[in-house]
Amino acid sequence: MFKQQNIEKESLQSKKINGLPLRDMMATAVFTALLCILAPMSVPIGPVPTSLTNLVIYLSLYILGMKKGTISYLLYMLIGIIGLPVFSGFTGGPAKLLGPTGGYLVGFIFITLMGGFVIERLKEKYILHFVAFVVSTAVCYAFGTVWFVYLMKCTFAYALTVCVFPFIIVDLCKMILVIIFGNIIRKRLVSAKLI
């Protein structure tokens, strides 16, 4: 029985589709599915809701790395753009992406690229991981806030009070949780040869 399980794991590791390892494709698909399931669950705080989107993104960077984490998020965005209700509040379609809060959806790409880059290259440097999450999230905030100000024709002060300040503490807590548990989860998945 154990021999058969080992053979199945080895075949999963070596099997490729169009040159891409099946295991990597499956892991990326799982995180895309997690985003589709968890991101719509949001709590409205003014015009911008808080959701679990960035929590899943932070975790994906520990589990998948920068490239696959970014791909999983881009797939999620594509699913939302074509109309499936996977964005916050169970919404979807291009109108959501082009609306006042769409800049934050686009801004999450900065988190996948910047955060993922640091995590991949500076393994076990958890303080730097935290700094990377803070900086990349700040860039996301900045991009989304500029977008919001442009579309809503409001002041930056107003945009910051409704789009940024209410989320800072919650987002910092998400970062800390992922830094504490993300590496543990990754090590267990690696030892089980699932990633």
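Me: How many salt bridges does the structure hold?
Reply: A salt bridge here is a side-chain nitrogen of Lys or Arg within 4 Å of a carboxyl oxygen of Asp or Glu. This is a predicted model, where local features need pLDDT of at least 70, side-chain atom pairs count only at pLDDT 80 or more, and totals for chains, interfaces and linings use all residues. Residues are numbered from 1 along each chain as its sequence is written, and side-chain values use heavy atoms, with hydrogens and water left out. The number of salt bridges in the structure is 4.

Me: Which residue does lysine 174 form a salt bridge with?
Reply: Both partners lie in helix α9, 3 residues apart, about one turn of the helix. Helices are DSSP runs (H or I, at least four residues), numbered from the N terminus. The closest N and O atoms are 3.5 Å apart, and the partner of lysine 174 is aspartate 171.

Me: Is lysine 174 buried or exposed?
Reply: Buried means under 20% relative accessible area, exposed over 50%, and partly exposed in between (1.4 Å probe, protein chains only). Aspartate 171 and lysine 174 share one class: buried.

Me: What is the N to O distance between arginine 121 and glutamate 120?
Reply: Arginine 121 is partly exposed, because its relative accessibility is 47%. Glutamate 120, at 29%, is partly exposed too. Their side chains meet in a salt bridge, N to O, at 3.4 Å.

Me: How many residues apart in sequence are the parts that glutamate 124 and lysine 187 tie together?
Reply: The two side chains meet in a salt bridge of 3.8 Å, N to O. Glutamate 124 sits in the loop between α6 (102-121) and α7 (126-152), and lysine 187 in helix α9 (residues 168-191), so the separation of the parts they tie together is 63 residues.

Note on methods:
Helices (H or I, at least four residues) and strands (E, at least two) are DSSP runs, numbered from the N terminus.
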